[in-house]
Amino acid sequence: MTEQTDFVEIRHAQKSFGALEVLKDISLSVTRGQIVGIIGSSGSGKSTLLRAINDLDPLTGGEIWLDGVQVNKSLPHRQYEKHINEMRQQVGMVFQHFNLFPHMTARENVTMAPKMLKGLSQAAADKLAEEQLDKVGMLERIDYYPSQLSGGQKQRVAIARALAMKPKLMLFDEATSALDPELVEEVNLVMKRLAEEHMTMIIVTHEMDFAASVCDRVLFMDKGVVVEEGPPATMFKHPTKERTREFLRKHIEGAK
Amino acid sequence: MGLDFSIIPKYLDVVLLGAAWTMGITVASAILSFFGGIVFAVVALYAPWIIRQPFRLIEWVFMGTPLLLQLFLIYFGLVQIGIDLPAFIAGIIGLGLHFAVYNSELIQTAILAVDKGQMEAARTLGLSRGEALRKVVIPQAVRAVIPPIGNNMIALLKDSALVSVIGVSELTLSAQRVIGKTYRPFEFYILAAAFYYVINLCMEWVQRKIERRIAISR
Ligand SMILES: Nc1ncnc2c1ncn2[C@@H]1O[C@H](COP(=O)(O)OP(=O)(O)OP(=O)(O)O)[C@@H](O)[C@H]1O
Ligand SMILES: [Mg+2]
(Lines give C-alpha, C1' and ligand atoms only; values in the text may rest on other atoms or scores of the structure.)
(Ligands and ions follow the chains in the order given, each with its own letter.)
Protein backbone atom coordinates (compact mmCIF):
# COMPACT_ATOMS: atom_id res chain seq x y z
CA MET A 1 0.00 0.00 0.00
CA THR A 2 1.78 3.13 -1.13
CA GLU A 3 -1.05 5.61 -1.29
CA GLN A 4 -0.66 8.68 0.84
CA THR A 5 -3.09 8.79 3.73
CA ASP A 6 -3.86 11.47 6.21
CA PHE A 7 -3.19 10.81 9.86
CA VAL A 8 -6.70 9.51 10.36
CA GLU A 9 -8.68 8.64 7.31
CA ILE A 10 -12.16 7.26 7.09
CA ARG A 11 -13.19 6.17 3.61
CA HIS A 12 -16.76 5.46 2.68
CA ALA A 13 -17.61 4.17 6.14
CA GLN A 14 -20.82 2.20 6.17
CA LYS A 15 -22.37 0.51 9.17
CA SER A 16 -25.61 -1.39 9.59
CA PHE A 17 -27.06 -3.03 12.65
CA GLY A 18 -29.20 -5.63 10.92
CA ALA A 19 -31.53 -3.75 8.63
CA LEU A 20 -30.77 -0.42 10.29
CA GLU A 21 -28.18 1.58 8.37
CA VAL A 22 -26.51 3.82 10.92
CA LEU A 23 -23.56 5.17 8.92
CA LYS A 24 -24.05 5.93 5.24
CA ASP A 25 -20.88 6.42 3.24
CA ILE A 26 -18.99 8.70 5.58
CA SER A 27 -15.55 9.95 4.58
CA LEU A 28 -13.38 12.07 6.79
CA SER A 29 -9.73 12.84 7.18
CA VAL A 30 -7.97 14.32 10.13
CA THR A 31 -4.43 15.63 10.05
CA ARG A 32 -1.95 15.16 12.85
CA GLY A 33 -2.70 17.45 15.77
CA GLN A 34 -6.10 18.41 14.47
CA ILE A 35 -9.10 18.53 16.78
CA VAL A 36 -12.37 17.55 15.22
CA GLY A 37 -15.73 17.95 16.93
CA ILE A 38 -18.77 15.90 15.99
CA ILE A 39 -22.21 17.21 16.81
CA GLY A 40 -25.64 15.97 15.91
CA SER A 41 -28.89 14.84 17.42
CA SER A 42 -29.38 11.62 19.33
CA GLY A 43 -29.22 8.51 17.18
CA SER A 44 -27.44 10.22 14.29
CA GLY A 45 -24.53 7.77 14.50
CA LYS A 46 -21.87 9.84 16.28
CA SER A 47 -20.93 7.16 18.79
CA THR A 48 -21.01 4.46 16.14
CA LEU A 49 -18.58 6.41 13.97
CA LEU A 50 -16.24 7.00 16.90
CA ARG A 51 -16.43 3.36 17.96
CA ALA A 52 -15.72 2.24 14.42
CA ILE A 53 -12.37 4.03 14.53
CA ASN A 54 -10.98 1.56 17.08
CA ASP A 55 -13.18 -1.25 15.80
CA LEU A 56 -15.38 -1.47 18.87
CA ASP A 57 -18.28 -1.38 16.41
CA PRO A 58 -16.71 -2.86 13.27
CA LEU A 59 -17.77 -1.23 10.00
CA THR A 60 -19.81 -3.21 7.52
CA GLY A 61 -18.21 -1.29 4.67
CA GLY A 62 -15.38 1.15 4.06
CA GLU A 63 -11.93 1.63 5.51
CA ILE A 64 -10.37 3.22 8.55
CA TRP A 65 -6.72 4.26 8.37
CA LEU A 66 -4.51 5.46 11.20
CA ASP A 67 -1.05 6.83 10.50
CA GLY A 68 -0.70 4.89 7.27
CA VAL A 69 -2.03 1.58 8.61
CA GLN A 70 -5.47 0.26 7.87
CA VAL A 71 -7.27 -0.48 11.13
CA ASN A 72 -10.00 -2.72 9.73
CA LYS A 73 -7.95 -4.62 7.20
CA SER A 74 -9.01 -8.13 6.37
CA LEU A 75 -6.85 -10.75 8.06
CA PRO A 76 -7.43 -14.26 9.35
CA HIS A 77 -9.15 -14.17 12.74
CA ARG A 78 -6.08 -14.79 14.94
CA GLN A 79 -3.91 -12.29 13.12
CA TYR A 80 -6.70 -9.75 13.09
CA GLU A 81 -7.05 -9.97 16.87
CA LYS A 82 -3.36 -9.32 17.30
CA HIS A 83 -3.41 -6.48 14.80
CA ILE A 84 -6.45 -4.82 16.32
CA ASN A 85 -5.05 -5.02 19.85
CA GLU A 86 -1.94 -3.26 18.59
CA MET A 87 -3.99 -0.60 16.83
CA ARG A 88 -6.12 -0.02 19.91
CA GLN A 89 -3.04 0.64 22.00
CA GLN A 90 -2.51 3.69 19.81
CA VAL A 91 -6.00 5.05 20.21
CA GLY A 92 -7.25 6.31 23.56
CA MET A 93 -10.96 6.33 24.20
CA VAL A 94 -12.95 8.17 26.84
CA PHE A 95 -16.53 7.13 27.52
CA GLN A 96 -19.56 9.00 28.74
CA HIS A 97 -19.84 6.74 31.77
CA PHE A 98 -16.09 6.64 32.48
CA ASN A 99 -15.94 2.83 32.68
CA LEU A 100 -13.20 2.97 35.27
CA PHE A 101 -12.35 -0.43 36.74
CA PRO A 102 -14.03 -0.31 40.16
CA HIS A 103 -11.81 -2.97 41.70
CA MET A 104 -8.65 -1.00 41.00
CA THR A 105 -7.30 2.20 42.51
CA ALA A 106 -6.64 5.20 40.27
CA ARG A 107 -3.01 4.08 40.11
CA GLU A 108 -3.96 0.55 39.09
CA ASN A 109 -6.47 1.78 36.54
CA VAL A 110 -3.71 3.79 34.89
CA THR A 111 -0.95 1.18 35.09
CA MET A 112 -2.79 -2.08 34.40
CA ALA A 113 -2.61 -1.97 30.61
CA PRO A 114 0.93 -0.53 30.31
CA LYS A 115 2.22 -3.18 32.72
CA MET A 116 0.42 -5.94 30.96
CA LEU A 117 0.97 -4.92 27.35
CA LYS A 118 4.25 -3.05 27.46
CA GLY A 119 5.90 -5.02 30.24
CA LEU A 120 6.55 -1.98 32.42
CA SER A 121 8.23 -2.68 35.75
CA GLN A 122 6.37 -1.70 38.91
CA ALA A 123 8.72 1.24 39.42
CA ALA A 124 8.26 2.50 35.88
CA ALA A 125 4.52 1.97 36.14
CA ASP A 126 4.35 3.96 39.38
CA LYS A 127 6.24 6.78 37.77
CA LEU A 128 3.89 6.70 34.81
CA ALA A 129 0.83 6.73 37.07
CA GLU A 130 2.16 9.72 38.99
CA GLU A 131 2.97 11.56 35.79
CA GLN A 132 -0.38 10.94 34.14
CA LEU A 133 -2.49 11.51 37.23
CA ASP A 134 -0.59 14.71 37.95
CA LYS A 135 -1.39 15.88 34.46
CA VAL A 136 -5.12 15.58 35.12
CA GLY A 137 -4.81 16.98 38.65
CA MET A 138 -5.51 13.68 40.36
CA LEU A 139 -2.15 12.90 41.92
CA GLU A 140 -3.52 13.40 45.42
CA ARG A 141 -6.09 10.69 44.85
CA ILE A 142 -3.69 8.19 43.33
CA ASP A 143 -4.60 5.42 45.76
CA TYR A 144 -8.34 6.05 45.84
CA TYR A 145 -10.85 3.65 44.38
CA PRO A 146 -13.37 4.94 41.81
CA SER A 147 -16.16 4.58 44.39
CA GLN A 148 -14.39 7.27 46.41
CA LEU A 149 -14.24 9.78 43.56
CA SER A 150 -16.70 12.29 42.11
CA GLY A 151 -17.84 11.98 38.51
CA GLY A 152 -15.45 14.66 37.29
CA GLN A 153 -12.58 13.03 39.14
CA LYS A 154 -13.46 9.65 37.69
CA GLN A 155 -13.46 11.06 34.19
CA ARG A 156 -10.08 12.69 34.75
CA VAL A 157 -8.66 9.36 35.92
CA ALA A 158 -10.20 7.71 32.85
CA ILE A 159 -8.42 10.26 30.64
CA ALA A 160 -5.15 9.56 32.48
CA ARG A 161 -5.71 5.85 31.94
CA ALA A 162 -6.08 6.39 28.20
CA LEU A 163 -3.07 8.73 28.02
CA ALA A 164 -0.86 6.26 29.86
CA MET A 165 -0.81 4.11 26.73
CA LYS A 166 0.74 7.10 24.90
CA PRO A 167 -1.90 7.08 22.18
CA LYS A 168 -1.55 8.88 18.86
CA LEU A 169 -5.20 9.71 18.81
CA MET A 170 -7.80 10.37 21.48
CA LEU A 171 -11.52 9.73 21.04
CA PHE A 172 -14.02 11.35 23.39
CA ASP A 173 -17.62 10.20 23.38
CA GLU A 174 -19.61 12.78 25.31
CA ALA A 175 -17.05 12.84 28.06
CA THR A 176 -18.98 15.37 30.13
CA SER A 177 -22.60 14.40 29.43
CA ALA A 178 -22.97 12.27 32.54
CA LEU A 179 -21.50 14.91 34.84
CA ASP A 180 -23.22 17.35 37.15
CA PRO A 181 -22.91 20.82 35.57
CA GLU A 182 -20.45 22.05 38.17
CA LEU A 183 -18.05 19.18 37.35
CA VAL A 184 -17.98 19.71 33.60
CA GLU A 185 -15.38 22.45 33.63
CA GLU A 186 -12.63 20.43 35.33
CA VAL A 187 -12.87 17.80 32.60
CA ASN A 188 -13.06 20.39 29.82
CA LEU A 189 -9.91 22.00 31.21
CA VAL A 190 -8.02 18.72 30.94
CA MET A 191 -9.17 18.35 27.36
CA LYS A 192 -8.16 21.91 26.55
CA ARG A 193 -4.71 21.22 27.92
CA LEU A 194 -4.44 18.20 25.66
CA ALA A 195 -5.44 20.41 22.76
CA GLU A 196 -2.62 22.80 23.62
CA GLU A 197 -0.22 19.88 23.48
CA HIS A 198 -1.47 19.17 19.95
CA MET A 199 -2.96 15.80 20.70
CA THR A 200 -5.04 14.65 17.75
CA MET A 201 -8.59 14.36 19.02
CA ILE A 202 -12.03 13.49 17.79
CA ILE A 203 -14.63 14.76 20.19
CA VAL A 204 -18.31 13.89 20.16
CA THR A 205 -20.07 16.52 22.21
CA HIS A 206 -23.33 18.25 22.96
CA GLU A 207 -21.54 21.30 24.29
CA MET A 208 -21.42 23.77 21.47
CA ASP A 209 -19.42 26.38 23.40
CA PHE A 210 -16.75 23.85 24.20
CA ALA A 211 -16.65 22.62 20.61
CA ALA A 212 -16.35 26.19 19.41
CA SER A 213 -13.46 26.92 21.72
CA VAL A 214 -11.25 23.87 21.16
CA CYS A 215 -12.09 22.35 17.79
CA ASP A 216 -10.35 23.17 14.53
CA ARG A 217 -13.25 21.67 12.61
CA VAL A 218 -16.78 20.71 13.47
CA LEU A 219 -18.90 18.08 11.73
CA PHE A 220 -22.64 18.01 11.92
CA MET A 221 -24.07 14.51 11.53
CA ASP A 222 -27.67 13.60 10.90
CA LYS A 223 -29.17 10.20 10.14
CA GLY A 224 -25.84 8.59 9.39
CA VAL A 225 -24.38 11.22 7.09
CA VAL A 226 -22.15 14.24 7.57
CA VAL A 227 -24.47 17.05 6.58
CA GLU A 228 -22.02 19.88 6.91
CA GLU A 229 -18.56 20.58 8.20
CA GLY A 230 -16.27 23.51 8.67
CA PRO A 231 -14.39 25.63 11.17
CA PRO A 232 -16.46 26.32 14.29
CA ALA A 233 -16.82 30.01 13.50
CA THR A 234 -18.58 29.20 10.24
CA MET A 235 -20.47 26.17 11.52
CA PHE A 236 -21.98 27.89 14.51
CA LYS A 237 -22.47 31.39 13.09
CA HIS A 238 -23.22 30.84 9.41
CA PRO A 239 -24.24 27.24 8.77
CA THR A 240 -25.24 26.81 5.15
CA LYS A 241 -27.53 23.79 5.43
CA GLU A 242 -31.06 24.07 6.72
CA ARG A 243 -30.74 20.88 8.81
CA THR A 244 -27.71 22.29 10.60
CA ARG A 245 -29.52 25.54 11.31
CA GLU A 246 -32.50 23.67 12.67
CA PHE A 247 -30.35 21.49 14.91
CA LEU A 248 -28.46 24.46 16.32
CA ARG A 249 -31.66 26.41 16.86
CA LYS A 250 -33.25 23.52 18.75
CA HIS A 251 -30.09 22.89 20.66
CA ILE A 252 -29.70 26.45 21.80
CA GLU A 253 -33.34 26.61 22.80
CA GLY A 254 -32.92 23.30 24.65
CA ALA A 255 -29.94 24.64 26.53
CA LYS A 256 -31.88 27.65 27.77
CA MET B 1 -28.43 -43.81 82.19
CA GLY B 2 -28.38 -40.04 82.78
CA LEU B 3 -26.26 -37.54 80.97
CA ASP B 4 -22.68 -37.22 82.05
CA PHE B 5 -20.60 -34.57 80.33
CA SER B 6 -17.66 -35.17 82.66
CA ILE B 7 -16.57 -37.98 80.37
CA ILE B 8 -15.77 -35.54 77.59
CA PRO B 9 -12.23 -34.44 78.60
CA LYS B 10 -10.98 -38.01 78.41
CA TYR B 11 -11.82 -38.23 74.71
CA LEU B 12 -11.51 -34.58 73.81
CA ASP B 13 -8.26 -35.10 71.89
CA VAL B 14 -9.90 -37.61 69.53
CA VAL B 15 -12.77 -35.26 68.78
CA LEU B 16 -10.41 -32.30 68.44
CA LEU B 17 -8.34 -34.17 65.91
CA GLY B 18 -11.55 -34.92 64.03
CA ALA B 19 -12.42 -31.22 64.11
CA ALA B 20 -8.98 -30.41 62.71
CA TRP B 21 -9.55 -32.82 59.84
CA THR B 22 -12.93 -31.29 59.17
CA MET B 23 -11.41 -27.85 59.04
CA GLY B 24 -8.57 -28.94 56.81
CA ILE B 25 -10.85 -30.72 54.38
CA THR B 26 -13.33 -27.86 54.36
CA VAL B 27 -10.68 -25.22 53.66
CA ALA B 28 -9.02 -27.29 50.95
CA SER B 29 -12.29 -28.12 49.21
CA ALA B 30 -13.49 -24.54 49.58
CA ILE B 31 -10.38 -23.31 47.76
CA LEU B 32 -10.81 -25.98 45.09
CA SER B 33 -14.49 -25.13 44.68
CA PHE B 34 -13.69 -21.42 44.36
CA PHE B 35 -11.07 -21.69 41.64
CA GLY B 36 -12.83 -24.66 40.08
CA GLY B 37 -16.00 -22.57 39.98
CA ILE B 38 -14.18 -19.81 38.08
CA VAL B 39 -12.74 -22.31 35.60
CA PHE B 40 -16.12 -24.02 35.08
CA ALA B 41 -17.81 -20.66 34.60
CA VAL B 42 -15.29 -19.46 32.02
CA VAL B 43 -15.46 -22.75 30.14
CA ALA B 44 -19.26 -22.73 30.15
CA LEU B 45 -19.40 -19.18 28.81
CA TYR B 46 -16.45 -18.94 26.47
CA ALA B 47 -14.84 -22.25 25.59
CA PRO B 48 -15.38 -23.79 22.16
CA TRP B 49 -18.03 -26.49 21.90
CA ILE B 50 -15.56 -29.38 21.91
CA ILE B 51 -14.09 -28.33 25.27
CA ARG B 52 -17.45 -27.47 26.75
CA GLN B 53 -18.88 -30.95 26.31
CA PRO B 54 -16.68 -32.91 28.77
CA PHE B 55 -17.15 -30.12 31.29
CA ARG B 56 -20.89 -30.34 30.86
CA LEU B 57 -20.68 -34.03 31.65
CA ILE B 58 -18.71 -33.30 34.83
CA GLU B 59 -21.23 -30.66 35.79
CA TRP B 60 -24.12 -32.99 35.18
CA VAL B 61 -22.55 -35.69 37.34
CA PHE B 62 -21.77 -33.33 40.19
CA MET B 63 -25.06 -31.51 40.12
CA GLY B 64 -27.46 -34.30 39.24
CA THR B 65 -26.31 -37.10 41.54
CA PRO B 66 -25.97 -37.44 45.33
CA LEU B 67 -22.67 -36.28 46.81
CA LEU B 68 -22.48 -39.61 48.61
CA LEU B 69 -22.42 -41.47 45.32
CA GLN B 70 -19.83 -39.07 43.94
CA LEU B 71 -17.55 -39.78 46.88
CA PHE B 72 -17.94 -43.54 46.41
CA LEU B 73 -17.24 -43.14 42.73
CA ILE B 74 -14.06 -41.14 43.27
CA TYR B 75 -12.74 -43.27 46.14
CA PHE B 76 -13.78 -46.81 45.19
CA GLY B 77 -14.56 -46.44 41.50
CA LEU B 78 -11.39 -44.76 40.29
CA VAL B 79 -9.24 -47.50 41.79
CA GLN B 80 -10.53 -49.79 39.07
CA ILE B 81 -8.98 -47.57 36.42
CA GLY B 82 -5.73 -47.36 38.36
CA ILE B 83 -6.30 -44.11 40.24
CA ASP B 84 -5.86 -44.96 43.90
CA LEU B 85 -6.39 -41.81 45.93
CA PRO B 86 -5.98 -41.47 49.69
CA ALA B 87 -9.44 -41.11 51.25
CA PHE B 88 -9.00 -37.50 52.34
CA ILE B 89 -7.82 -36.48 48.87
CA ALA B 90 -10.81 -38.23 47.32
CA GLY B 91 -13.00 -36.38 49.82
CA ILE B 92 -11.48 -33.01 48.96
CA ILE B 93 -11.87 -33.60 45.24
CA GLY B 94 -15.47 -34.78 45.62
CA LEU B 95 -16.54 -31.91 47.86
CA GLY B 96 -14.49 -29.39 45.90
CA LEU B 97 -15.88 -30.28 42.50
CA HIS B 98 -19.40 -30.69 43.81
CA PHE B 99 -19.41 -27.15 45.15
CA ALA B 100 -17.39 -25.82 42.22
CA VAL B 101 -20.40 -26.61 40.05
CA TYR B 102 -22.66 -24.59 42.34
CA ASN B 103 -20.16 -21.73 42.51
CA SER B 104 -19.86 -21.81 38.75
CA GLU B 105 -23.56 -21.09 38.36
CA LEU B 106 -23.22 -18.03 40.57
CA ILE B 107 -20.07 -16.81 38.84
CA GLN B 108 -21.54 -17.24 35.36
CA THR B 109 -24.50 -15.07 36.23
CA ALA B 110 -22.19 -12.50 37.78
CA ILE B 111 -19.88 -12.42 34.75
CA LEU B 112 -22.84 -11.74 32.48
CA ALA B 113 -23.99 -8.99 34.82
CA VAL B 114 -20.71 -7.04 34.72
CA ASP B 115 -21.33 -3.82 32.82
CA LYS B 116 -20.47 -4.15 29.14
CA GLY B 117 -18.52 -0.92 29.33
CA GLN B 118 -15.91 -2.70 31.45
CA MET B 119 -14.99 -5.13 28.70
CA GLU B 120 -15.07 -2.29 26.17
CA ALA B 121 -12.78 -0.09 28.22
CA ALA B 122 -10.31 -2.94 28.62
CA ARG B 123 -10.42 -3.81 24.91
CA THR B 124 -9.96 -0.14 24.03
CA LEU B 125 -6.69 -0.15 25.94
CA GLY B 126 -5.52 -3.03 23.76
CA LEU B 127 -6.21 -6.03 26.01
CA SER B 128 -7.34 -9.22 24.33
CA ARG B 129 -10.66 -10.72 25.35
CA GLY B 130 -8.95 -13.28 27.56
CA GLU B 131 -6.82 -10.63 29.24
CA ALA B 132 -9.84 -8.42 29.79
CA LEU B 133 -11.77 -11.30 31.32
CA ARG B 134 -8.93 -12.19 33.64
CA LYS B 135 -7.99 -8.71 34.80
CA VAL B 136 -11.25 -6.83 34.61
CA VAL B 137 -14.42 -8.87 34.29
CA ILE B 138 -13.82 -11.95 36.46
CA PRO B 139 -12.43 -10.09 39.47
CA GLN B 140 -15.54 -7.93 39.50
CA ALA B 141 -17.87 -10.89 39.02
CA VAL B 142 -16.24 -12.77 41.87
CA ARG B 143 -16.49 -9.79 44.20
CA ALA B 144 -20.18 -9.57 43.44
CA VAL B 145 -20.86 -13.17 44.47
CA ILE B 146 -18.78 -13.43 47.62
CA PRO B 147 -21.90 -13.50 49.86
CA PRO B 148 -23.69 -16.39 48.09
CA ILE B 149 -20.40 -18.25 47.65
CA GLY B 150 -19.96 -17.87 51.41
CA ASN B 151 -23.32 -19.58 51.89
CA ASN B 152 -22.19 -22.43 49.67
CA MET B 153 -19.07 -22.80 51.79
CA ILE B 154 -21.17 -23.15 54.94
CA ALA B 155 -23.13 -25.88 53.17
CA LEU B 156 -19.80 -27.45 52.21
CA LEU B 157 -18.75 -27.53 55.85
CA LYS B 158 -21.91 -29.40 56.77
CA ASP B 159 -21.61 -31.81 53.86
CA SER B 160 -18.01 -32.56 54.77
CA ALA B 161 -19.43 -35.02 57.30
CA LEU B 162 -20.19 -37.25 54.31
CA VAL B 163 -16.52 -38.02 53.74
CA SER B 164 -16.76 -40.18 56.85
CA VAL B 165 -18.33 -42.82 54.61
CA ILE B 166 -15.02 -43.32 52.83
CA GLY B 167 -13.26 -43.60 56.14
CA VAL B 168 -11.84 -40.12 56.74
CA SER B 169 -11.76 -39.59 60.50
CA GLU B 170 -13.28 -36.17 60.42
CA LEU B 171 -15.42 -34.69 63.15
CA THR B 172 -18.55 -36.80 62.76
CA LEU B 173 -16.71 -40.09 62.38
CA SER B 174 -14.44 -39.28 65.34
CA ALA B 175 -17.48 -38.63 67.47
CA GLN B 176 -19.01 -41.88 66.32
CA ARG B 177 -15.89 -43.82 67.19
CA VAL B 178 -15.81 -42.38 70.67
CA ILE B 179 -19.49 -43.19 71.05
CA GLY B 180 -18.72 -46.77 70.02
CA LYS B 181 -16.40 -47.02 73.00
CA THR B 182 -18.33 -45.03 75.57
CA TYR B 183 -21.99 -45.55 74.56
CA ARG B 184 -22.53 -41.85 75.16
CA PRO B 185 -24.15 -40.67 71.89
CA PHE B 186 -25.86 -37.60 73.27
CA GLU B 187 -22.80 -36.08 74.90
CA PHE B 188 -20.48 -36.61 71.95
CA TYR B 189 -22.91 -35.66 69.20
CA ILE B 190 -23.58 -32.47 71.13
CA LEU B 191 -19.85 -31.92 71.40
CA ALA B 192 -19.42 -32.47 67.66
CA ALA B 193 -22.31 -30.12 66.98
CA ALA B 194 -20.62 -27.48 69.13
CA PHE B 195 -17.43 -27.83 67.10
CA TYR B 196 -19.34 -27.49 63.83
CA TYR B 197 -20.95 -24.40 65.22
CA VAL B 198 -17.61 -22.86 66.15
CA ILE B 199 -16.10 -23.62 62.74
CA ASN B 200 -19.19 -22.13 61.17
CA LEU B 201 -18.74 -18.94 63.19
CA CYS B 202 -15.10 -18.73 62.12
CA MET B 203 -16.09 -19.05 58.46
CA GLU B 204 -18.72 -16.36 58.79
CA TRP B 205 -16.15 -14.13 60.42
CA VAL B 206 -13.71 -14.65 57.57
CA GLN B 207 -16.46 -13.98 55.06
CA ARG B 208 -17.43 -10.72 56.75
CA LYS B 209 -13.80 -9.65 56.75
CA ILE B 210 -13.48 -10.32 53.03
CA GLU B 211 -16.73 -8.52 52.30
CA ARG B 212 -15.66 -5.49 54.27
CA ARG B 213 -12.34 -5.46 52.50
CA ILE B 214 -13.78 -5.49 49.03
CA ALA B 215 -16.70 -3.16 49.76
CA ILE B 216 -14.68 -0.15 48.69
CA SER B 217 -13.54 -1.73 45.45
CA ARG B 218 -16.93 -2.51 43.98
N1 LIG C 1 -25.32 -2.35 19.07
C2 LIG C 1 -26.36 -1.81 18.40
N3 LIG C 1 -27.33 -2.60 17.90
C4 LIG C 1 -28.36 -2.07 17.22
N5 LIG C 1 -28.53 -0.76 16.98
C6 LIG C 1 -27.59 0.07 17.46
C7 LIG C 1 -26.46 -0.40 18.20
N8 LIG C 1 -25.72 0.66 18.55
C9 LIG C 1 -26.34 1.74 18.07
N10 LIG C 1 -27.48 1.40 17.41
C11 LIG C 1 -28.40 2.32 16.72
O12 LIG C 1 -27.64 3.10 15.84
C13 LIG C 1 -28.14 4.41 15.78
C14 LIG C 1 -27.02 5.39 16.03
O15 LIG C 1 -26.57 5.23 17.35
P16 LIG C 1 -25.38 6.06 17.98
O17 LIG C 1 -25.20 5.56 19.36
O18 LIG C 1 -24.24 6.06 17.08
O19 LIG C 1 -26.03 7.52 18.01
P20 LIG C 1 -25.44 8.84 18.66
O21 LIG C 1 -25.39 9.85 17.59
O22 LIG C 1 -24.20 8.56 19.39
O23 LIG C 1 -26.59 9.23 19.68
P24 LIG C 1 -26.50 9.87 21.14
O25 LIG C 1 -26.35 11.34 20.96
O26 LIG C 1 -27.80 9.52 21.76
O27 LIG C 1 -25.35 9.23 21.84
C28 LIG C 1 -29.26 4.50 16.79
O29 LIG C 1 -30.48 4.38 16.08
C30 LIG C 1 -29.04 3.31 17.67
O31 LIG C 1 -30.26 2.84 18.17
MG1 LIG D 1 -23.66 8.49 21.43
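**Entry 1: chain B overall**

How many helices and how many strands does chain B have? I looked at its secondary structure and found 9 helices and 0 strands. One thing to note at the start: this is a predicted model. Reading chain B from the N terminus, I wrote down α-α-α-α-α-α-α-α-α.

Next I took the extent of the chain. The C-alpha trace of chain B spans about 75 × 45 × 20 Å along its principal axes. Chain B has 218 residues, and 46% of them count as buried. I then looked at its contacts with a separation of 6 or more. Residues 24 or more positions apart account for 78% of those contacts.

Chain B exposes about 11200 Å². Carbon and sulfur atoms supply 68% of that area. For charges, I noted 18 positive and 13 negative side chains in chain B. The centres of the two sets lie 6 Å apart.

**Entry 2: the nonpolar cores**

Nonpolar side chains tend to be buried together in soluble globular proteins. I looked up where that happens here. The largest nonpolar core holds 95 residues. Which residues have the most contacts inside it? They are A:Leu66, A:Phe101, A:Leu169, A:Leu171, A:Ile202 and B:Phe188. Helix H4 of chain B, residues 87-113, gives the largest share of this core, with 10 residues.

Leaving out residues up to four places away in sequence, I listed what A:Leu66 touches. The list is A:Phe7, A:Val8, A:Val71, A:Met87, A:Gln90, A:Val91 and A:Leu169. A:Leu169 is also on the list of residues with the most contacts inside the largest core.

**Entry 3: cysteines**

A disulfide is a covalent bond between the sulfur atoms of two cysteines. I checked for such pairs and counted 0 disulfides over all chains. I looked at two cysteines anyway. A:Cys215 counts as buried because its relative accessibility is 7%, and the cut-off for buried is under 20%. B:Cys202 has a relative accessible area of 40%, so it is partly exposed.

**Entry 4: strand E1 of chain A**

A:Glu9 sits in strand E1, residues 8-17 of chain A. Is A:Glu9 buried or exposed? Its relative accessible area is 14%, so A:Glu9 is buried. A:Glu9 touches A:Leu28, A:Ser29, A:Glu63, A:Ile64 and A:Trp65, with residues up to four places away in sequence not counted. I also took a distance. A:Glu9 and A:Ala52 are 43 residues apart in sequence, and their C-alpha atoms are 12 Å apart in space.

A:His12 is in strand E1 of chain A too. I noted its phi, which is positive at about 50 degrees, although A:His12 is not a glycine.

**Entry 5: a histidine in a loop**

A:His198 is another residue other than glycine with a positive phi, near 65 degrees. Where is A:His198 found? I located it in the loop between helix H6 (181-196) and strand E8 (200-204) of chain A. A:His198 counts as exposed because its relative accessibility is 60%, and the cut-off for exposed is over 50%.

**Entry 6: a threonine in a helix**

I went to helix H1 of chain A, residues 46-53, and found A:Thr48 there. A:Thr48 has a relative accessible area of 10%, so it is buried. Which residues does A:Thr48 touch, not counting those up to four places away in sequence? I listed A:Lys15, A:Phe17, A:Val22, A:Leu23 and A:Asp57.

B:Arg129 lies in helix H6 of chain B, residues 129-144. At 43% relative accessibility, B:Arg129 counts as partly exposed. Leaving aside neighbours within four places in sequence, B:Arg129 is in contact with B:Tyr46, B:Met119 and B:Arg123. B:Ala215 is 86 residues from B:Arg129 along the chain, and their C-alpha atoms are separated by 26 Å.

B:Val206 is partly exposed, with a relative accessible area of 41%. How far is B:Val206 from B:Gly150 in space, C-alpha to C-alpha? I noted 9.3 Å, for a pair 56 residues apart in sequence.

Definitions and conventions: Residues numbered from 1 in each chain as written. Chains lettered and ligands numbered in written order. Predicted model: local features only at pLDDT ≥ 70, side-chain atom pairs only at ≥ 80, totals over all residues. Heavy atoms only, no water. Core = buried A, V, L, I, M, F, W, Y, C linked by side-chain atoms within 4.5 Å. Buried < 20%, exposed > 50% of the residue type's maximum accessible area, 1.4 Å probe, protein only. Helix = DSSP H or I, 4+ residues; strand = E, 2+ residues; numbered from the N terminus. Contact = heavy atoms within 4.5 Å. Areas by Shrake-Rupley, 256 points an atom, 1.4 Å probe, with all protein chains shown as cover. Lys, Arg positive; Asp, Glu negative; His and termini not counted. Charge placed at Lys NZ, Arg CZ, Asp CG, Glu CD. Disulfide = S-S within 2.5 Å.
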